[in-house]
Amino acid sequence: NITLHLARYGIYAESVLKPEIMDNVIYHQYYTGAEAYGITANFCDTALIGCNNVFNNFPYTSTLCKGVLIGQSHNITLSCNTVSRMYRGIEVSGQCDLFNDYRGNIMDTSRTGLYLNSSAVIGDQSHKGNLWYRTSNSFSAAQNANTGNLAQSEIITHTLSGSFYYPSIVS
């Protein structure tokens, strides 16, 4: 378990080939800086980020805590993670190619559960079993700020159909 006390990063990987960030519990507390991150993967290739739990003890509306940040990384598998009470649960920034797998994640009580910035591309994510709980009424479960490339990061879910698509969890 990792408890962040006045720390900006819990786990930080940059320019790593095939990092495996698995089975961690990261708890943010008392960070007063600009932004704080539970797990960050920048410029990584073929990363597996799975079965992690990232929590924040501050009200998610008053801090800029982010559970997982993926930046400019390729062939990422983000599976079976839970983020709770975050400003942004999971954020993707930059061109992350079309071969990412985003499945079986839970975004709970966050201002925005999944946020794709203005240059983010993650490929189509159809019926992957991701769950959004108690996202802020003022924002959204998922937000794609890359309005010029919406089709390259389409997320298809079923909310009222009665159909469930359970993910195959990578562990």
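**Reading the strand pairing**

Modeller: Gly50 stands opposite Ser79 in β9. This is a predicted model, in which local features need pLDDT of at least 70 and side-chain atom pairs count only at pLDDT 80 or more, while totals for chains, interfaces and linings use all residues. Residues are numbered from 1 along each chain as its sequence is written, and side-chain values use heavy atoms, with hydrogens and water left out.

Biologist: In which sense do strand β6 and strand β9 pair, and over how many bridges?

Modeller: Strands of a sheet pair through backbone hydrogen bonds, either parallel or antiparallel. Here strand β6 (residues 48–50) and strand β9 (residues 77–79) pair in the parallel sense over three bridges; strands are DSSP runs (E, at least two residues), numbered from the N terminus, and two of them pair if DSSP finds at least two bridges between them.

Biologist: What is the order of the open sheet of four strands?

Modeller: The order is β3-β6-β9-β12, with parallel pairing, and the edge strands, β3 (20–22) and β12 (101–103), each pair on one side only.

Biologist: Which strands does β11 pair with?

Modeller: Strand β8 (residues 65–71) runs parallel to β11 and is joined to it by five bridges, with Lys66 as the bridge partner of Arg88. β11 also pairs with strand β14 (residues 112–116), in the parallel sense over four bridges, and there Glu91 stands opposite Tyr115.

Biologist: Why is β11 described as largely enclosed by the rest of the structure?

Modeller: Buried means under 20% relative accessible area, exposed over 50%, and partly exposed in between (1.4 Å probe, protein chains only). Six of the six residues of β11 (residues 88–93) are buried, so this strand is largely enclosed.
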